[in-house]
Amino acid sequence: MSKYVYGVDIGGTTVKIGLFSVEGELLEKWEITTRTDEGGAYILSDIAKSVEENMSAKGIKKEEVKGVGMGVPGPVKEDGTVVKCVNLGWGVFNAAEELSSLLGLPVKVGNDANMAALGEYWQGGGKGFNSVIMVTLGTGVGGGIIINGKMLAGVNGAGGEIGHMTIDLDEQDVCNCGKKGCLEQYASATGIVRLANRALQTSEKPSKLREAKYISAKEIFDCAKSGDNLALELVEEHGKRLGYALANIACVVDPEAFVIGGGVSRAGDILINAVKKYYQEYAFHACRNTQFHLATLGNDAGMYGGAASVL
């Protein structure tokens, strides 16, 4: 009888690993270093060793473990084939089969943003809903789509890559993906800072942001909360861009709820209210009342999603 499941979230510097009960309780979590040298050749063996050490320390037998679910920073096909993870040095190979052979346990592998979405759907801000879209606002913009309880990965593992929707045909700056006018260039933490720098250079409006040694997304939202007019305009612009994009996504997916996570989401209600305002302006009438919630699992969402993918 299976009692346990492991959730793994591979980041560029650390790998987060969690031991869960099959009921969804996080029993223990820890981190190991992501060794990206030699093309990331040691990452999976390091994970296998760490999981086996935990099983040994806890007296957990293999037959008590339902499996291991793992999120990786890149596209992943449904069979567990990774389609290049640049940050890890990985090319194209079946990570699920390789980790499974190392551990002797069933393994599921998915894109890290999709896994985070699954985690929030299972035990976080999306709990209780059947169809959810997770939006992660960090250095970039990630996304994950859950339809009727199933994660939408897509044929090439690129389902949910909402950060690379083109939302501005006139943009001249190039996104990290090589395109121009991507949502990520406006709605990410780096995107709103880019908008702020552009506004400060092209406007003479007074703002506390002019006094800041280092402008961050947090600084912009904090200034907006204190009534700074330029910062408020930037928050409105951020909400308009993201609300517009989510309204278009809703025309295709029609989810019950959007769950907003990532570092920028810590701004809270001022962010949600701005996005929701413009979402309702641009959304098709049948989708206008979609709910908005903040993510609740923080950096643990990927581990939860990994565990959920196995269950």
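What follows is a working chat about a predicted model.

Me: Which strands form the open sheet, and in what order?
Reply: Five strands form the open sheet, in the order β3-β2-β1-β4-β7, with mixed pairing.

Me: Which strands stand at the edges?
Reply: β3 (26–33) and β7 (107–111) do. Each has a single partner strand, so one side of each is left without a neighbour in the sheet.

Me: How many degrees are neighbouring strands turned against each other?
Reply: On average 15 degrees, with direction ignored.

Me: How many residues of β7 are buried?
Reply: 4 of its 5 residues are buried, so that strand is mostly covered.

Me: What is in the hairpin of β2 and β3?
Reply: There are 4 residues between the strands, and G24 takes a positive phi near 105 degrees in this hairpin.

Me: What packs on the sheet?
Reply: Helix α4 packs on the sheet and touches β1 (4–10), β2 (14–21), β4 and β7. The direction of α4 makes about 105 degrees with that of β7. Helix α10 (residues 301–310) also packs on the sheet, touching β1, β2, β3, β4 and β7. The direction of α10 makes about 135 degrees with that of β1.

Me: Stay with α10. How many of its residues are buried?
Reply: 10 of the 10 residues of α10 are buried. Among them are M303, Y304 and V310.

Me: And what do those buried residues pack against?
Reply: The buried residues of α10 pack against β1, β2, β3, β4 and β7, and against helix α4.

Me: Back to α4, then. Why is it called largely enclosed?
Reply: Because 10 of the 12 residues of α4 are buried, this helix is largely enclosed by the rest of the structure. The buried residues include N114, M115, E120, Y121 and W122.

Me: What span should α4 have, and how far apart are its ends?
Reply: Helix α4 covers residues 112–123, and at 1.5 Å a residue its 12 residues should span 16 Å. The end C-alpha atoms are 16 Å apart, which agrees.

Me: Which residue caps the N-terminal end of α4?
Reply: N111 caps that end, with a side-chain oxygen 2.9 Å from the backbone nitrogen of A113. N111 in β7 is also the residue opposite V72.

Me: Changing topic: at what angle do α6 and α7 pack?
Reply: Helix α6 (residues 189–202) and helix α7 (residues 217–225) pack at about 65 degrees, and their axes are 8 Å apart.

Me: Which residues meet there?
Reply: From α6 there are A189, I192, V193 and A196, and from α7 there are A217, I220 and F221. The contact consists of 7 nonpolar residues, with no polar and no charged ones.

Me: What about backbone angles: what is phi for N148 and D254?
Reply: Phi of N148 is near 50 degrees, a positive value in a residue other than glycine. The phi of D254 is likewise positive, near 50 degrees.

Me: Are they buried or exposed?
Reply: N148 is exposed, with a relative accessible area of 54%. D254 is partly exposed, at 45%.

Me: Last one: where is M1, and what is it in contact with?
Reply: M1 is in the segment before β1 and is exposed, with a relative accessible area of 88%. Leaving aside neighbours within four places in sequence, M1 is in contact with E63 and E64. The C-alpha atoms of M1 and E63 are separated by 7.1 Å, although these residues are 62 residues apart along the chain.

Conventions. Residues numbered from 1 in each chain as written. Predicted model: local features only at pLDDT ≥ 70, side-chain atom pairs only at ≥ 80, totals over all residues. Heavy atoms only, no water. Helix = DSSP H or I, 4+ residues; strand = E, 2+ residues; numbered from the N terminus. Expected span 1.5 Å × (residues − 1). Buried < 20%, exposed > 50% of the residue type's maximum accessible area, 1.4 Å probe, protein only. Polar contact = N/O pair within 3.5 Å; in protein donor to acceptor, adjacent residues only side chain to side chain. Axes fitted to C-alpha atoms, helices over the stretch in contact; angles between N-to-C directions. Contact = heavy atoms within 4.5 Å. Nonpolar A, V, L, I, M, F, W, Y, C, P; charged D, E, K, R; others polar. Pairing = 2+ DSSP bridges.
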